[in-house]
Amino acid sequence: MHHGSGNVFFLSEQNRYLKKELKMTKKVAINWDQLGFDYIKTDYRYLSFWKEGQWDDGVLTEDNVLHLGEAAPCLHYGQQCFEGLKAYRTKAGEIQLFRVDQNARRFQDSCQRLLMPVIPEATFIKACIDVVKANEAYIPPYGTGGSLYIRPMMIGVGNSVAVKPANEYIFTVFCMPVGAYFKGGLTPVNFMVSDYDRAACNGTGQQKVGGNYAASMLAHEIAVRKGYADCIYLDPTTHTKIEEVGAANFFGITRDNRFVTPDSPSILPSITKYSLLYLAEHVLGMAVSEEDVFIDELDQFSEAGACGTAAVITPIGGIFHHNRLHVFYSQTEVGPVTKKLYDTLTAIQLGDLAGPEGWITHL
């Protein structure tokens with residue numbers, strides 16, 4: 001069923017539409033080997049409005065411009081949240097999503113923290129699947145190291161200048177092809193400890209909200225100017241414990257072969273981190289722990305890394321703190337445990353290795 005100018009499609013008609021018109025007939029002019037992490041407009045995105053206490057049915061639209069009032073609370077008071085996940089092409093040419101249910105639940109948590117209406121898990125997952133199917137031509141081929149990055153988000157709209165929750169909301173999901181994070185293979189990089197805080201101890205550090213990222217931009221810029229990949233944030237209360245590495249979670253491999261990652265109420269619960277915790281314990285047979293990681297006790301680690309959706313794992317060569325660069329395994333080579341974890345997780349994401357039950361959604 002077409003609506004308006006014909007650039008919006010109701011989801012009730014979507015499967016018929018996709019089967020008849022999209023079915024991988026389109027070819028896109030993209031050099032898959034040159035892809036970075038940049039916005040690329042794809043054909044369709046999901047759009048749904050919350051008004052008068054309920055969500056509408058949602059549509060797929062070609063329009064990539066959101067229309068909102070100048071007094072929308074998301075613009076003034078930061079009432080918004082988002083997610084990031086990927087779709088992968090397997091060697092057999094099939095498409096799969098990685099742990100999308102976990103993104104759905106984390107998104108719900110972010111919505112609740114900012115007093116926004118919750119998106120049902122089934123609605124979130126279906127929206128992601130529909131967007132991937134509608135943009136199938138943009139999924140990088142197996143072997144290129146690329147994937148289709150999916151960005152669900154919710155913003156508070158409806159004109160209101162009072163500091164209070166919005167009276168209307170937009171939930172949207174768009175996607176874009178992204179390239180391999182490490183063009184020349186897994187490469188260690190160095191980080192420096194920042195004096196700035198990413199989030200408050202009882203703030204929104206556990207939620208994926210824009211304010212956390214806005215607060216990190218200056219610290220990131222300072223680190224880059226000084227020649228580092230990004231900065232290490234310490235706990236906001238005592239500045240003695242590692243919390244996050246830029247926009248990613250920290251982990252370390254101890255000299256007695258334990259997988260350790262920080263435990264704090266102001267750290268974003270990374271889906272990649274919890275996947276690595278599981279694999280370290282159940283595949284590599286390691287002891288694992290979420291615990292305090294003191295910045296002055298880095299000597300206990302033989303390897304270290306940052307983990308998140310974009311890179312999966314960024315190996316940490318060294319951390320600069322108190323006028324000294326503490327080097328872990330190497331500044332040029334990846335440690336063996338970090339490499340094994342990376343290889344195992346990416347193999348599951350790409351369909352080369354069977355993952356634990358429920359981790360993969362086949363399209």
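Colleague: What volume does the second largest cavity have?
Modeller: The model is a predicted one. In this model, a search of the whole structure finds four cavities of 30 Å³ or more. The second largest cavity has a volume of about 60 Å³.

Colleague: Which elements give two or more residues to the lining of the second largest cavity?
Modeller: Residues that line the second largest cavity include Glu303, Ala304, Pro315 and Ile316. The elements that contribute two or more residues to this lining are strand S17 (301-308) and strand S18 (312-321).

Colleague: How do the residues of that lining, in the second largest cavity, divide into nonpolar, polar and charged?
Modeller: Among the lining residues are Pro188, Phe328, Ser330, Glu333 and Thr338. The division for the second largest cavity is seven nonpolar, three polar and two charged.

Colleague: Which residues lie nearest the centre of the largest cavity?
Modeller: The largest cavity has a volume of about 110 Å³. Its lining is made up of 13 residues. Those nearest its centre are Leu85, Phe98, Thr272, Thr309 and Gln349.

Colleague: Where does the largest share of the lining of the largest cavity come from?
Modeller: At least two lining residues each are supplied by helix H3 (100-113), helix H7 (271-282) and strand S7 (85-89). The largest share, three residues, comes from S7.

Colleague: How many nonpolar, polar and charged residues does the lining of the largest cavity have?
Modeller: The lining of the largest cavity holds 13 residues. By class, they are two charged, six polar and five nonpolar.

Note on methods: Residues are numbered from 1 along each chain as its sequence is written. This is a predicted model: local features need pLDDT of at least 70, side-chain atom pairs count only at pLDDT 80 or more; totals for chains, interfaces and linings use all residues. Side-chain values use heavy atoms; hydrogens and water are left out. On a 1 Å grid over the protein atoms alone, a cavity is a set of points where a 1.4 Å probe fits but cannot get out, and a pocket is an open set with protein on both sides within 12 Å along at least five of seven lines; lining residues have an atom within 4 Å of a point. Grid points are joined across faces, edges and corners, and a volume is the space filled by probe spheres set on the points. Helices (H or I, at least four residues) and strands (E, at least two) are DSSP runs, numbered from the N terminus. Ala, Val, Leu, Ile, Met, Phe, Trp, Tyr, Cys and Pro count as nonpolar, Asp, Glu, Lys and Arg as charged, and the others, Gly among them, as polar.
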